[in-house]
Amino acid sequence: MRLDKCMTKRNLDEDALNRLAEAVRPRLTEKRYAHTRAVEKEAARLGEIYLPERVAALRASALLHDITKKEPLEKQLQLCREFGIMTEEADLLSPSVFHARTAAAVAERDFPDYVDDEILGGIRWHTTGRAGMTVFESLVYLADYIEETRTFDDCVRLRRDFYARLGDGSDPGAALTDTMIESFDLTLEGLMRDGAPIAADSVAARNWFIVRRHDEETKREHKGAECP
Ligand SMILES: [Fe+2]
Ligand SMILES: [Fe+2]
């Protein structure tokens, strides 16, 4: 990964996004490509609500988020060595954590004209999340979780409840924070049930959102006390 952190923000137009979609297609299975396009669509929908000026960038991040997903573990480890990505022993028991790291590195190497720091961040953190994740990263993460081709009960329910809350006129920020916490709860519960290791970044992400929710609630209470 690059060490400088001041990449110019990309303003991709529809043609560029179409070219990117075609370029990633051969790297994905047919099923994964359909999922990728659905994540792109969901990220755009979320972007219209939360980051309207970054919708195209969210779509690019979604298009690139799984580009190394079909690589076998051996290739993932080879890419980690190649890009100097640190790995831990526990990672080997949950190999799906590798693809987010390798996809960000490969996206930067192979699609330099389509990425910026935010786009790479969305790719890098789409599986585990992290403490202090940005709204951009949260939207890519959530789009991956609730996109419309997901049929798993938890995904369907999370999607339905999230949009129902927005439809009820709930505060969008609070709805996003609560939904992120619930998604981490569901992921962590599933991993515990399976006896699988839990990525430290996911635990840190959940804790960070819980602290944030508490701070937001406290702020709202104070505001309510000031303005009866
Ligand atoms: Fe993924
Ligand atoms: Fe995905």
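Leaving aside its neighbours within four places in sequence, which residues is Arg206 in contact with? They are Ile181, Phe184 and Leu188, where "in contact" means that the C-beta atoms of two residues, placed from the backbone, lie within 7 Å. This is a predicted model, in which local features need pLDDT of at least 70 and side-chain atom pairs count only at pLDDT 80 or more, while totals for chains, interfaces and linings use all residues. Residues are numbered from 1 along each chain as its sequence is written, and chains are lettered from A and ligands numbered from 1 in the order in which they are written.

**The whole chain**

- The chain has ten helices and zero strands; helices (H or I, at least four residues) and strands (E, at least two) are DSSP runs, numbered from the N terminus.
- Reading along the sequence, you get the pattern α-α-α-α-α-α-α-α-α-α.
- The radius of gyration is 18 Å, close to the 17 Å that the globule rule gives for 228 residues, so the chain is as compact as a globular protein of that length. The radius is taken over C-alpha atoms, and the rule is 2.2 Å times the number of residues to the power 0.38.
- Along the principal axes, the C-alpha atoms fill a box of roughly 60 × 45 × 40 Å.
- Of the 228 residues, 35% count as buried. A residue is buried if 20 or more other C-beta atoms lie within 10 Å of its own, exposed if 12 or fewer, and partly exposed in between, with C-beta atoms placed from the backbone.
- Take the contacts with a separation of 6 or more: residues 24 or more positions apart account for 67% of them.

**H8 against H9**

- Two packed helices are described by the angle between their axes and the distance between the axes.
- Helix H8 (residues 153–167) and helix H9 (residues 172–193) pack at about 170°, with their axes 10 Å apart. Axes are lines fitted to C-alpha atoms, for helices over the stretch in contact, and angles run from 0 to 180 degrees between N-to-C directions.
- That makes H8 roughly antiparallel to H9; angles under 35 degrees count as roughly parallel, over 145 as roughly antiparallel, 65 to 115 as roughly perpendicular and the rest as oblique.
- H8 and H9 cross in a right-handed way. A crossing is right-handed if the near helix is turned clockwise from the far one by less than a right angle, and left-handed if anticlockwise.
- On the H8 side you'll find Asp154, Leu158, Phe162, Arg165 and Leu166, which meet Pro172, Ala175, Thr179, Glu182, Ser183 and Leu186 in H9.
- By class, this contact of H8 with H9 has six nonpolar, two polar and three charged residues. Nonpolar covers Ala, Val, Leu, Ile, Met, Phe, Trp, Tyr, Cys and Pro, charged covers Asp, Glu, Lys and Arg, and the others, Gly among them, are polar.

- Eight of the ten residues of H3 are buried, so H3 is largely enclosed by the rest of the structure.
- Among the buried residues of H3 are Ala57, Arg59 and Leu64.
- Those buried residues pack against helix H1 (14–24), helix H2 (30–50), H5, H6 and H7.
- H3 and H7 pack at an angle of about 50°, with their axes 10 Å apart. That makes H3 oblique to H7.
- The crossing of H3 with H7 is right-handed.
- Here Leu58, Ser61 and Ala62 in H3 meet Phe136, Leu139, Val140 and Ala143 in H7. This contact divides into six nonpolar, one polar and no charged residues.

**H6, another covered helix**

- Helix H6 (residues 117–124) is mostly covered, with six of its eight residues buried.
- Glu118, Ile119, Leu120, Gly122, Ile123 and Arg124 are the buried ones.
- Their cover includes helix H3 (55–64), H5 and helix H7 (135–146).

- Arg206 sits in helix H10 (residues 200–226) and counts as buried, with 21 C-beta neighbours inside 10 Å. Its C-alpha atom is 9.4 Å from that of Leu188, 18 residues away along the chain.
- Val106, in helix H5 (residues 96–110), is buried, with 20 other C-beta atoms within 10 Å. Leaving aside neighbours within four places in sequence, Val106 is in contact with Ile67, Thr68 and Leu79.
- Ala38 belongs to helix H2 and is partly exposed, with 18 other C-beta atoms within 10 Å. Not counting residues up to four places away in sequence, Ala38 touches Glu147, Glu148 and Thr149.
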